[in-house]
Amino acid sequence: MNSNKPIYITQPMLPPLEEFIPYLQQIWDRKILTNCGPFHEQLEQALCDYLGVKHISLFTNGTIALVTALQTLRIVGEVITTPYSFVATTHSLLWNGIKPVFVDVDPNTLNLNPDRIEAAITPQTTAIMPVHCYGHPCDVDAIQKIADNYNLKVIYDAAHAFGVQDANGSILRHGDLSVLSFHATKVFNTFEGGAIVCPDAKTKVRIDQLKNFGHVGEVTVVAPGINGKMSEFNAALGLLQLKYIGQALASRKKIDAAYRKRLQGVKGIRCLNDAGEKIANYAYFPVMVDAGYPICRDELYQRLKDNGIHPRRYFYPLISDFPMYRGLPSAHKENLPVATAAALQILCLPIYPDMDMSVVDEIASFIAAQ
Ligand SMILES: *Cc1c(COP(=O)(O)O)cnc(C)c1O
C-alpha cells in the first residue's frame, strides 16, 4: 500500500480541540461535575430532538445501560437473543442472572431471524433482545408480533444504530427499550457513554432512579440501583460531537458508496446491507468472503494486515463459542448454522469520516487483485 500509516477499522470522530475549551470552562466555573448536571440535561434533550425519540437517559457506557434496561423491566428467566453480536449483549443477561437462549440469524441481514424465535420460546422466556447488527434494522414488525402473542418484552441492543431510521422515523422507537453505545469506536461518541431510549415518562423516571443507586431525594432509596450516570465531561463532548454528526454521516455514506462501486463484480465478495435511499448510519462496511473468492477470509484478512490495513472479523468468534456460553443447549453449532457460516466469511473493512478516498480505492483494488 502507498500509505505508510496503518489503517484501522475505525478512527474516532473528534471535533477541533479549541471548540471543546469553552465547555470545559463552563464545567470549571459551575463546579458541577456529574449527578445529572446542566450538560447532561442539555444532551438528553438534544439527542431526543436529533434522533426523534421521546425520552432518553444517558449512561456511563452501553453495557451498564443494557444491564440497567433489563433491571428496568424486571426481566428474569430466559431471554432470546443472537449469537452474532459483541459479547456485551449477552454479558448483560448473565449479570442479571438471566439465561441467554441463542437463535440463529437471517443470512442477508445477520439480524435475529424472526422465523426461528417461536421455536425457542419456553415458559421461562420473558423477553427478546435483538441487535440491529451493523446498524441495519431488525425485522421489528415480525419481532413485535411474536412479543405481543407471547407477552414478551423487547429490548433492542441498538449500539450500532445511532441515527438509523425506517419509513416512519427513528428505529429506536421500536420495542420496549433501545440501548445505545457512545463508545469511541461508534458512529457518535462521548469517549465512553451510552443511553436507554424509552417511550414514556414513567419508565424514564425508573431508569433515572436505577442509574443513580435507586435514590429519590436525599434520604429515600427505592431500588437496588447502580452508578450508571454520565459525567458532565462526557455530556459536554456529546454536545460538541452532535454539531458534527451530519458531516460525519455524509462522509461515511460516500465511503460506503465508493466501496460498493469498486467492489462490484469482484467474484466471491458480497457487500452486505445496501441502505439505498433509507436513512442509514454506515457504521460498518461488512463484506462476505465466500467460496468464489480465490483465498479464504482469514488469508485475505492476513494479507490486508501485512499491508497495513486492519479490518476486523466482527463477529468471529460467535458469542455462543465463548467459554461462559458454549455449554448452553442453544449454543450448539447445529442450532446456529447461518451465524456459524457467517462468522467464517465476514470481514468489516475500515470506514470512518476522515478516511481518504484514495485509501478506499487502495483497499478495494487490493481485494480485487488477489
Ligand atoms: C459497543 C457495543 C456494546 C457495548 O457498548 P459499550 O458502550 O462499549 O459498553 C454493546 N453491544 C454492541 C452490539 C456493541 O457493539
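**View 1. Polar contacts between the ligand and side chains in the predicted model.** In this predicted model, an N or O atom in the side chain of K186 lies 3.2 Å from an oxygen atom of the ligand. For H160, the separation between a side-chain N or O atom and an oxygen atom of the ligand is 2.8 Å. T63 places a polar side-chain atom 2.6 Å from an oxygen atom of the ligand. The ligand on its own would expose 380 Å², and 92% of that area is buried by the protein.

View 2. The ligand takes up the space of the largest pocket. Around the ligand there are 14 residues, of which G62, T63, D157, S181 and K186 come nearest.

View 3. Across the whole structure, the search identifies two cavities of 30 Å³ or more. The largest cavity has a volume of about 190 Å³. Its lining comprises 19 residues, and those closest to the centre of the cavity are Y134, H136, N273, A275 and A280. By residue class, this lining consists of eleven nonpolar, five polar and three charged residues. The largest cavity lies between domain 1 (17–103 + 110–242) and domain 2 (246–368), because both domains give residues to its lining.

**View 4. The second largest cavity and its lining.** The second largest cavity holds about 60 Å³ of space. Its lining is formed by A159, H160, A161, F162, T185, K186, V187, R252, N281, A283 and Y284. Six of the lining residues are nonpolar, three are polar and two are charged. Domain 1 (17–103 + 110–242) and domain 2 (246–368) each supply at least three residues to the lining of this cavity.

View 5. Toward the ligand, the side chain of H160 has an N or O atom 2.8 Å from a ligand oxygen atom.

Definitions and conventions
Residues numbered from 1 in each chain as written. Predicted model: local features only at pLDDT ≥ 70, side-chain atom pairs only at ≥ 80, totals over all residues. Heavy atoms only, no water. 1 Å grid on protein atoms, 1.4 Å probe; cavity = no way out; pocket = protein on both sides within 12 Å on 5 of 7 lines; lining within 4 Å. Points joined across faces, edges and corners; volume = space filled by probe spheres on them. Nonpolar A, V, L, I, M, F, W, Y, C, P; charged D, E, K, R; others polar. Domains from an automatic or database assignment. Near = heavy atom within 4 Å. Polar contact = N/O pair within 3.5 Å; in protein donor to acceptor, adjacent residues only side chain to side chain. Areas by Shrake-Rupley, 256 points an atom, 1.4 Å probe, with all protein chains shown as cover. Sits in = over half its atoms within 2 Å of the grid points.
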